Amino acid sequence: MLKLFFIVLSMFIITGCQNIFPKVKTDKTTRVLKEKTDTQSHKADKTIKILKKEIHTQNHKVVLHKLFQTVNKKEAILVQKGPNKKYCAVCGMNLVKFYKTSHAATDSNGTVHQYCSLHCLAENLSQGAELENPQVVDAHTLKFIPVQVAYYVVGSKIKGTMSKVSKYAFKSLDDAKKFQAKNGGKIVDFYSAWQIAKKDFH
Ligand SMILES: [Zn+2]
């Protein structure tokens with residue numbers, strides 16, 4: 001009788017254990033899976049964060065190097081005075097951003113004005129402004145030169161400022177020719193470039 005009791009007890013223990021073990025195992029498996037999922041979602045979060053950062057950096061880069069005209073702040077020569085010295089005297093655009101097409105001239109009061117483009121200089125003249133000593137940025141050296149000595153490459157594939165027909169000026173004919181060989185357009189003097197700029201207004 002006692003033996004039978006032990007047999008029943010043993011069976012009960014074994015059955016009990018069988019019921020317990022899978023449960024423990026399942027719990028453990030669930031926990032491992034959960035941890036794995038957590039790690040994976042953490043990894044995914046991390047990946048998304050990295051991707052977002054890369055996209056942000058790319059956008060940042062695009063903004064910085066988007067335009068051919070844009071130069072570093074340190075490279076830009078700003079000849080105006082006062083709080084608005086960084087902005088085109090006619091349209092108000094940022095002169096550092098559109099530096100390589102920038103022009104400058106002095107009015108009858110001796111005040112120097114800087115423009116984002118030949119377009120804005122031409123507009124100022126058409127408004128009746130009396131200007132002297134007109135200058136343009138040499139797109140190669142980034143220094144101002146008198147417009148009379150500049151070679152303008154007009155209508156190249158590089159986008160212009162305020163105009164569908166781009167105009168980039170060079171002091172050296174060689175530099176103008178190199179730019180033209182790479183980007184197209186024709187080489188003209190200031191007067192011709194100005195006449196082409198005036199067509200923007202018709
Ligand atoms: Zn302008």
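1. Donors are taken here as N, O and S atoms within 2.8 Å of the metal (3.2 Å for Na, K and Ca), and since water is not among the atoms, sites may look incomplete. On that basis the donors of the zinc ion follow the spacing C-x2-C-x24-C-x3-C along the chain.

2. The model is a predicted one, in which local features need pLDDT of at least 70 and side-chain atom pairs count only at pLDDT 80 or more, whereas totals for chains, interfaces and linings use all residues. Residues are numbered from 1 along each chain as its sequence is written, and side-chain values use heavy atoms, with hydrogens and water left out.

3. The zinc ion has as its protein donors Cys88 (SG), Cys91 (SG), Cys116 (SG) and Cys120 (SG), which lie 2.3 Å from it. The angles among the four donor atoms run from 106 to 118°, and the site is tetrahedral, a label given to four donors if all angles lie between 85 and 135 degrees. Cysteine 116 is buried, with a relative accessible area of 0%, and cysteine 120 is likewise buried at 0%; buried means under 20% relative accessible area, exposed over 50%, and partly exposed in between (1.4 Å probe, protein chains only).

4. Four strands form an open sheet in the order 2-1-3-4, with antiparallel pairing. Strand 2 (112-115) and strand 4 (144-146) stand at the edges with a single partner strand each, so one side of each is left without a neighbour in the sheet. Helices (H or I, at least four residues) and strands (E, at least two) are DSSP runs numbered from the N terminus, and two strands pair if DSSP finds at least two bridges between them. Strand 1 (residues 103-107) pairs with strand 2 in the antiparallel sense over four bridges, and alanine 105 has histidine 113 in strand 2 as its bridge partner.

5. Leucine 131, in strand 3 (residues 131-137), is partly exposed, with a relative accessible area of 22%. Residues up to four places away in sequence not being counted, leucine 131 touches residues including Ala105, His113 and Leu121, where contact means heavy atoms within 4.5 Å.

6. Glutamine 69 sits in the loop between helix 1 (2-65) and strand 1 and is buried, with a relative accessible area of 2%. The side chain of glutamine 69 reaches the backbone oxygen of glycine 160 at 3.2 Å. Neighbours within four places in sequence aside, glutamine 69 is in contact with residues among them Phe98, Tyr99, Gly160 and Tyr168.

Technical notes:
Four donors count as tetrahedral if all angles lie between 85 and 135 degrees; four count as square planar and six as octahedral if opposite donors are over 155 degrees apart and all others between 65 and 115; anything else is irregular. A polar contact is a pair of N or O atoms within 3.5 Å; within protein, one must be able to donate a hydrogen and the other to accept it, and residues adjacent in sequence count only if both atoms are side-chain atoms.
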